[in-house]
Amino acid sequence: MGVLDIFVSIKERAENFLNEKNVVTDFLGKLEEKTGIKKKIIALGAVSLTGLYLVYGYGASLLCNLIGFVYPAYYSIKAIESTSKEDDTKWLTYWVVYGVFSLGEFFSDIFLYWFPFYYAFKCLFLLWCMAPISWNGSQIIYNRVVRPIFLRHEAMVDNLVNDLGGKAMSAAENLTREVLTTLVKNKALVTPSQPAVSQSEQKRLPSTSSAKVTPLESESEEEKTPFLG
């Protein structure tokens, strides 16, 4: 596929996108109605301004990341909702390459940041990875770099993941057991205990039955008392 064929493919893809019913095309349609300018020209101008902003503008990193995320995320959702599995594989491959690239960029961004036009080249790289062409960047990088490394170390990575998973579960169980034990001990310390009454103390206490005096007993005692007067 030559350079001309690439541009033709990109142009067809862009025209198909502009003819679809979505939020972007609705917004462009409203602009076309108000300004009288065709939405294709508006879209081309927006792309040109975006390119200039990536080169000279402030916050180019955020804009570049949005370009590499929003469009693939939209078509990934459409791929999930569709019955075909080809588009699922395509966009899964893109996200794997995007993750590997983001991981590498995290450690090298402090050096790459100072290169001129870095974010413009990064945006072109992400566009290449999501481009609807036969030599798609994500397919090439996955098949030539990511897949061979993964197959070479797959068994080791699986063992490492299983080992870490087992250790994490064991640590979580031990932590839960220690927390429950601590809570039980704290509850036992906070709750006041009732003092036990010995048998000798029980004998010293007067019974309530012997302390009560009936009315008949009180009257008989009054009659027995002699009158002094």
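Trainee: How much accessible surface does the protein chain have, and what share of it belongs to carbon and sulfur atoms?
Mentor: The total is about 18,400 Å². Carbon and sulfur atoms account for 67% of that area. The method is Shrake-Rupley with a 1.4 Å probe; for residues, only the protein chains shown count as cover.

Trainee: What kind of model is this, and how are residues numbered?
Mentor: It is a predicted model, in which local features need pLDDT of at least 70, side-chain atom pairs count only at pLDDT 80 or more, and totals for chains, interfaces and linings use all residues. Numbering starts from 1 along each chain as its sequence is written, and side-chain values use heavy atoms, with hydrogens and water left out.

Trainee: How many helices and how many strands does the protein chain have?
Mentor: There are 10 helices and zero strands. Along the sequence the pattern reads α-α-α-α-α-α-α-α-α-α. Both kinds of element are DSSP runs numbered from the N terminus: H or I for helices, at least four residues, and E for strands, at least two.

Trainee: What percentage of the 229 residues counts as buried?
Mentor: The share is 17%. Buried means under 20% relative accessible area, exposed means over 50%, and partly exposed lies in between (1.4 Å probe, protein chains only).

Trainee: What share of contacts joins residues at least 24 apart?
Mentor: Among contacts between residues at least 6 apart in sequence, 53% do. A contact needs heavy atoms within 4.5 Å.

Trainee: How do you know that the length of helix 4 agrees with its residue count?
Mentor: Helix 4 has 22 residues, 60-81, and at 1.5 Å a residue should span 32 Å. The expected span is 1.5 Å times one less than the number of residues. The end C-alpha atoms are 32 Å apart, so the two agree.

Trainee: Which residues of helix 4 are buried?
Mentor: They are A60, C64, G68, P72, A73, Y75, S76 and A79.

Trainee: What makes the nonpolar surface patch of about 390 Å²?
Mentor: L62, L66, F69 and V70 make it. Patch residues have over 30% relative accessible area and no salt bridge; like charges are joined within 9 Å, nonpolar side chains (Val, Leu, Ile, Met, Phe, Trp, Tyr) within 5 Å.

Trainee: Why does N136 count as buried?
Mentor: N136 has 4% relative accessibility, so it counts as buried. Its place is the loop between helix 6 (118-130) and helix 7 (137-190).

Trainee: Which backbone oxygen atoms does the side chain of N136 reach?
Mentor: It reaches that of C129 at 3.0 Å and that of A131 at 2.5 Å. A polar contact is a pair of N or O atoms within 3.5 Å; within protein, one must be able to donate a hydrogen and the other to accept it, and residues adjacent in sequence count only if both atoms are side-chain atoms. Leaving out residues up to four places away in sequence, N136 touches W128, C129, M130 and A131.

Trainee: How do you know that the length of helix 6 agrees with its residue count?
Mentor: The 13 residues of helix 6 should span 18 Å, and the end C-alpha atoms are 19 Å apart, which agrees. Among the buried residues of helix 6 are Y118, K122 and C129.

Trainee: Why is the pair K122 and E105 called a salt bridge?
Mentor: Their side chains meet at 2.8 Å, N to O. K122 lies in helix 6 and E105 in helix 5, so the pair ties together parts 17 residues apart in sequence. A salt bridge needs a side-chain nitrogen of Lys or Arg within 4 Å of a carboxyl oxygen of Asp or Glu. K122 is buried at 5%, and E105 is buried at 12%. Setting aside neighbours within four places, E105 contacts Y118 and K122.

Trainee: How many salt bridges does a search of the whole structure find?
Mentor: It finds three. One joins D88 and K85 at 4.0 Å. D88 is buried at 19%, whereas K85 is exposed at 60%.

Trainee: What separates D163 and K167 in helix 7?
Mentor: They are four residues apart, which means about one helical turn. Their side chains form a salt bridge at 3.7 Å, N to O. D163 is partly exposed at 38%, and K167 is exposed at 52%.
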